[in-house]
Amino acid sequence: MQPQQIIVAGGGAAGFFAAIACAEANPHGRVTIYEATAHPLAKVKVSGGGRCNVTHACFDPRELVKRYPRGSRELLGAFHRWQPRDTVDWFEQRGVALKIEADGRIFPVTDNSQTIIDCLRGAAERAGVSLVLQTGIKSVRRLAPSSPGGAGPFQVTLTTGEVVTSDRLLLATGGNQTNLGFTFAQQFGHTIEPPVPSLFTFHIKDPRLEGLAGVAVEEALTTVRGTNLQASGPLLVTHWGQSGPAILKLSSWGARILHDCSYQFTLLVNWAPTFSAAALLAALEQARAAQPKKQVATWCPVGLPLRLWEKLLIAAGLAPETQWAMASGAALRALAAQVGAGEFAVTGKSAFKEEFVTCGGVRLSEVDFKTMESRLVPGLHFAGEVLDVDGITGGFNFQAAWTGGWLAGQAMAR
Ligand SMILES: Cc1cc2nc3c(=O)[nH]c(=O)nc-3n(C[C@H](O)[C@H](O)[C@H](O)COP(=O)(O)OP(=O)(O)OC[C@H]3O[C@@H](n4cnc5c(N)ncnc54)[C@H](O)[C@@H]3O)c2cc1C
């Protein structure tokens, strides 16, 4: 009997994890990864600023799914089968020591993504996976079954011109908008939710941010005006606008809405969200009463970085050298508005040096998340970003790739 042939399209995180799981579970199968470029796992290499944020220390599937703007419902069952704890065990069993950072992100202790690449490549080799580089999948079709009622093999044409067949085919071609994985899926009758970027930073040109690049606040609350989109977390002022988790999370939850408004909208920033509106005004009035002779710029009663505080004072019409005693009630109310709900005109987005992923991809209702198999085409599987799944920043996107890859690999081995 011929060994089972399994083809994996794409040598990224999902493709490698699936291929290894499949080959380990079925040593008699022939698993081949075709990777279009000369650089497999290229995104792993650059991920997490070169450190690779492998996953997140969130071990309760019901909590974990809350980090996925797209895919949370479908991933719940999948995370009961393969979750961050399994990912951690998998890498540690293969010799990779991992560490949990204070915010829950998990990295290799080496702080070097090459450790993860070496582990995946080594595991694939030991499991007998063939890795064929610089060989993309150009087209795919299903051949007629040899016996009535059976499923015919897939005929796969490679960019080298070679034609190969397989019993199972995994599309793990990633989320790149132009990738052929979407085309193949569509040819097989699947629906593609239009791909748009997620996890990006905001372009804002505003005098309140000028000269502040690098200034960060630990906790800010961001809102897109006119929507219920809201996010909180650290906020970083950049040379071109704003970044940090409070911005990236907003971009993720709002990926489609922000795309539809061409990334032009009003952002409201609460720089001190631990204060209610009344508490904020009270804190400013208390500062005026307690320190009447001090200049307003020398001390921020709500703990903001002084350089940012000075900009907000100016925006509220208070000169930095004003004494607290001279700040009128109206000026304090204007200042409270600047601190609690500063309006910023966003004029565009940027993905520069940030983690970015794709919102959109193969429609999830058309995929069985127990096996990652197509509900339309038996033997066709999907994993990773080719699906309409994406998470916020923090290791959640790789976790979706590991989970989908492992489930697909197990199923293809059967
Ligand atoms: C700069 C950056 C940093 C990131 N950092 C993190 C992080 O720290 N933590 C985290 O969780 N997520 C991070 N992400 C997101 C994460 O990298 C992706 O979610 C993840 O790589 C998706 O894996 P994948 O296997 O689905 O797709 P990819 O990694 O994109 O792999 C797809 C592969 O398929 C190949 N391919 C495409 N078409 C074909 C074809 N026709 N034939 C053959 N091969 C093909 C591509 O060349 C590619 O190698 C980051 C992303 C970026 C861009």
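## Helix 2 and helix 6

Helix 2 passes helix 6 in a right-handed crossing. On the helix 2 side, the contact is made by V44, K45, S47, G48 and G50. Helix 6 contributes S113, I116 and I117. By class, the residues of this contact comprise three nonpolar, four polar and one charged.

The structure is a predicted model. In it, helix 2 covers residues 42-50 and helix 6 covers residues 113-127. Their axes come within 8 Å and cross at roughly 150°. Angles over 145 degrees count as roughly antiparallel, and helix 2 and helix 6 are therefore roughly antiparallel to each other.

## Around the ligand

The ligand is surrounded by 36 residues. The closest of them are G10, G12, G48, G174 and G384. G48 is also one of the helix 2 residues in the contact with helix 6.

Four helices each supply at least two residues of the shell: helix 1 (13-25), helix 2, helix 7 (180-187) and helix 13 (396-413). Helix 2 provides the largest share, five residues. Sorted by class, the shell has 16 nonpolar, 16 polar and four charged residues.

## The chain as a whole

The chain has 414 residues, and 47% of them count as buried. Its secondary structure includes 13 helices and 21 strands. The C-alpha trace spans about 90 × 40 × 35 Å along its principal axes.

Contacts can also be sorted by separation in sequence. Among those between residues at least 6 apart, 71% join residues at least 24 apart.

Methods: Residues are numbered from 1 along each chain as its sequence is written. This is a predicted model: local features need pLDDT of at least 70, side-chain atom pairs count only at pLDDT 80 or more; totals for chains, interfaces and linings use all residues. Axes are lines fitted to C-alpha atoms, for helices over the stretch in contact, and angles run from 0 to 180 degrees between N-to-C directions. Angles under 35 degrees count as roughly parallel, over 145 as roughly antiparallel, 65 to 115 as roughly perpendicular and the rest as oblique. A crossing is left-handed if the near helix is turned anticlockwise from the far one by less than a right angle, and right-handed if clockwise. Two residues are in contact if their C-beta atoms, placed from the backbone, lie within 7 Å. Ala, Val, Leu, Ile, Met, Phe, Trp, Tyr, Cys and Pro count as nonpolar, Asp, Glu, Lys and Arg as charged, and the others, Gly among them, as polar. A residue is buried if 20 or more other C-beta atoms lie within 10 Å of its own, exposed if 12 or fewer, and partly exposed in between; C-beta atoms are placed from the backbone. A residue is near a molecule or strand if its C-beta atom, placed from the backbone, lies within 6 Å of it.
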